[in-house]
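Let's take a walk through this structure together. Have a look at the picture first, and then we'll go through it piece by piece.

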Amino acid sequence: MQLYHSPASPFVRKVMVTLHETGQLDEVELVSTVGNPLDTSKVSRTENPLGKIPTLLRPSGPALFDSRVICRFLDDRAGAGLYPEKRIWEVLTLEALADGIMEAAVLMVYESRCRPEEKIHDFWVEGQWAKIGRALDALETRWISHLAGPLDMGQIACGCALGYLDFRHGDRDWRQGRDSLAQWAARFAERESMQSTKPE
Ligand SMILES: N[C@@H](CCC(=O)N[C@@H](CS)C(=O)NCC(=O)O)C(=O)O
């Protein structure tokens, strides 16, 4: 299999951590690229018309995207149990919450990277950050016991989302007033799968 990859993308990181955690790292060749909404030509548009990463090419069968589909496919392929049937709706909702943090955080980056300075919309950027703040508060107050449980895809997505906040928005101090989540993130970041996929 081949994976369109960038070490900076939190969505790609979800896939990489899943590959580590499910013992499939050696089965995927990484194709280095960048996710750029202004130039999606770096990803084969025949394989993924959206031109986004991650995109996974398989020897047989159509390409897979987005990260939620790829991670579920890899989990199924390895029989790894990252989507336990008994907690499936919780796991999927937690993954969606973490993906929402990533989406908002990536949009904030695009706003400053893809627009001329005079067109950057600060109110919109702060709207994205407010969305992230509410999601972090939900993780701190409603999801912390789930995060402390056995490894699942929701946790992996959260670890990658929080890692991306440190990587791109470290100056905003997301840990402030969220001690339990900060402690969980520190512990989770020690995993080999997280250590070897730090964004750069
Ligand atoms: N929902 C998608 C989001 C993927 C995504 O937005 N990736 C970014 C890189 S972090 C990208 O490819 N951006 C290029 C674009 O928006 O065209 C997923 O979970 O895979």
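**From a helix to the ligand**

Start with Asp75, which you'll find in helix 2 (residues 67-78); helices here are DSSP runs of H or I with at least four residues, numbered from the N terminus. Keep in mind that this is a predicted model, where local features need pLDDT of at least 70, side-chain atom pairs count only at pLDDT 80 or more, and totals for chains, interfaces and linings use all residues. Residues are numbered from 1 along each chain as its sequence is written, and side-chain values use heavy atoms, with hydrogens and water left out.

Is Asp75 buried or exposed? Asp75 is buried, because its relative accessible area is 7%, and buried means under 20% (1.4 Å probe, protein chains only). Glu21 sits 54 residues away from Asp75 along the chain, yet their C-alpha atoms are separated by 9.4 Å.

Now over to the ligand. There are 13 residues around it, and Ser9, Ile53, Asp66, Ser67 and Tyr110 come nearest; to count as near, a residue needs a heavy atom within 4 Å. The shell divides into six nonpolar, five polar and two charged residues.

Some of these residues make polar contacts, meaning pairs of N or O atoms within 3.5 Å. A backbone N or O atom of Ile53 is 2.8 Å from a ligand nitrogen. Taken alone, the ligand exposes 510 Å², and the protein buries 89% of that (areas by the Shrake-Rupley method with a 1.4 Å probe).

Note on methods:
Polar contact = N/O pair within 3.5 Å; in protein donor to acceptor, adjacent residues only side chain to side chain. Nonpolar A, V, L, I, M, F, W, Y, C, P; charged D, E, K, R; others polar. Helix = DSSP H or I, 4+ residues; strand = E, 2+ residues; numbered from the N terminus. Buried < 20%, exposed > 50% of the residue type's maximum accessible area, 1.4 Å probe, protein only.
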